[in-house]
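Here is a guided walk through a protein model, taken one neighbourhood at a time.

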Amino acid sequence: MEHTALFEKIDELTPEYINVWEDVCNIESPTDCKDGVDKVGNYFADLARAHGWEVEIFEHNIAGNVVCITMNADSERAPICLSGHIDTVHPIGLFGSPAVHIENGKIYGPGVLDCKGGVVASFLAMDALDRIGFKDRPVMLLLQSDEEKGSSISKQATINYICEKAKNALAFLNTEPASRGEATLQRKGIIRYRLTVHGISGHSAVCYENSANAILEAAHKIIELEKMKDPAGLTCNCGVISGGTVANTVPNLCVFQADIRFANQSELEKAKETVASIAANSTVKGCTCEVEQISFRPAMEKSEKNYRLLDRLNEINRKVGLEERVARSSNGGSDAAYATVYGIPCVDNLGTRGGKIHSPQEYAHLDSLAYSAKELAAALLYI
């Protein structure tokens, strides 16, 4: 089976899948909106059933449900997995009504790039392969439902399900937004803490006699946390800060979050020790601090399996006339990190191309849909 007919079929189907792209992005699905996320998942599940593919739903009572779609489910060969997330970041209504519009070769709207575009490209690749008679091995499309919050809503149940489904796969191709000529093989891990600083209330006129300013103490802690950095790139950003009640009262409470990025296990241990030490020691007499870990995502550390997989993808791209990709690292988190921890060969950022991710101006290039689908389909055909 040659790729020429496959690419022709993708070009033929692309207008239909641009409509699908518009449809699923008009279904707004911020991570906290289970109903919206499930509607997107059900849209793809129904589309898959219409093709005669196997559909499995991993249901969750708080997070959106994960959808696992398998083409050629009867094949006994090892599968190849495509993955993307169907949750988005912005509240419903921010993009207007309808949420999506198309102009000048671009599609604008919530999740058009991150990451529904990659999911649609995956589905297009599978559809084209199916129509030209590809039966060589199972192809599994895994739709994550709370990726934008690091799978914290499901307490990692969703991503654990995905990795268990994919654990025997030859490859895990993640369709986060693509950068031209690049593929992500290493990513920072993310650990987030909520720090609650307790002080002692008092009248502002005598504020330092029998009181302790929780906001002042929080400021000292934030300064110390922001210093957390080493040559490998350990960083901390503090935000989502609240505290105080009225201007003439010394604040007895201040709460803030710390977002810490780490490249490897040693950096993670350093971060944990630093946070514990800063929380335990107070500059303002009378203040105390509680620490709560609110989310965690592992680092995607360097893996020879991932580099070998990228080498193979580049061999395939040369064969079919597509652009080769160079390996890169990213400070952002991704589900690809979990796949790598599981030992599944993984390459990230194979989705559509565009810009202004996580903003009300998010867009994707319409012609990147067919390109992404061709790259994914060629990998599925020849890997």
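Let's begin with a pair of residues you can find by eye: Val-67 stands opposite Leu-143 in β6. This model is a predicted one, so treat each stop on the tour as a feature of a prediction.

With β6, β3 pairs in the parallel sense over 6 bridges, and Ser-83 stands opposite Leu-142 of β6. With strand β7 (residues 171–174), the pairing of β3 is again parallel, over 4 bridges; here Ile-80 has Ala-171 as its bridge partner.

How do the side chains of a strand arrange themselves? In a regular strand they alternate between the two faces of the sheet. In β3, Ile-80, Leu-82 and Gly-84 point one way while Cys-81, Ser-83 and His-85 point the other, and all are buried. Because 6 of the 6 residues of β3 are buried, this strand is largely enclosed by the rest of the structure.

Pro-98 sits in the loop between β3 (80–85) and β4, and the peptide bond leading from Ser-97 to Pro-98 is cis, with omega near -5°. Another cis bond links Asp-114 to Cys-115, with omega near 5°. Cys-115 is in the loop between β5 (106–108) and α3 (116–131).

β4 and β5 take us to another sheet. This one is open and has 4 strands in the order β4-β5-β18-β17, with antiparallel pairing. Its edge strands are β4 (101–103) and β17 (354–355), each of which pairs on one side only. Strand β18 (residues 363–365) runs antiparallel to β17 and is joined to it by 2 bridges; the bridge partner of Gly-355 in β18 is Tyr-363.

Is Thr-352 buried or exposed? Its relative accessible area is 0%, so Thr-352 is buried. Setting aside neighbours within four places in sequence, the contacts of Thr-352 include Trp-21, Val-112, Gly-117, Pro-177, Ala-364 and Ser-372.

Next comes a meeting of helices. The axes of helix α7 (residues 304–320) and helix α9 (residues 367–382) come within 10 Å and cross at roughly 105°. The two helices are therefore roughly perpendicular to each other. On the α7 side, the contact is made by Arg-312, Leu-313, Ile-316, Asn-317, Lys-319 and Val-320, and on the α9 side by Glu-375, Ala-378, Ala-379 and Tyr-382. Sorted by type, the residues of this contact are 6 nonpolar, 1 polar and 3 charged.

α9 also lets you check a helix length. At 1.5 Å a residue, its 16 residues should span 22 Å, and the end C-alpha atoms are 23 Å apart, which agrees. This helix is mostly covered, with 14 of its 16 residues buried.

Finally, look at some backbone details. Gln-156, in the loop between β6 and α4 (157–166), has a phi near 70°, a positive value in a residue other than glycine. With 21% relative accessibility, Gln-156 counts as partly exposed, because the cut-off for buried is under 20%. Val-240, in strand β11 (residues 235–243), likewise is not a glycine and has a positive phi of about 50°. Val-240 has a relative accessible area of 63% and is therefore exposed.

One last stop is Lys-188, in the loop between β8 (182–187) and β9 (189–198). At 9% relative accessibility, Lys-188 counts as buried. The C-alpha atoms of Lys-188 and Thr-235 are separated by 9.9 Å, although these residues are 47 residues apart along the chain.

Technical notes. Residues numbered from 1 in each chain as written. Predicted model: local features only at pLDDT ≥ 70, side-chain atom pairs only at ≥ 80, totals over all residues. Heavy atoms only, no water. Pairing = 2+ DSSP bridges. Axes fitted to C-alpha atoms, helices over the stretch in contact; angles between N-to-C directions. Parallel < 35°, antiparallel > 145°, perpendicular 65-115°, else oblique. Contact = heavy atoms within 4.5 Å. Nonpolar A, V, L, I, M, F, W, Y, C, P; charged D, E, K, R; others polar. Expected span 1.5 Å × (residues − 1). Buried < 20%, exposed > 50% of the residue type's maximum accessible area, 1.4 Å probe, protein only.
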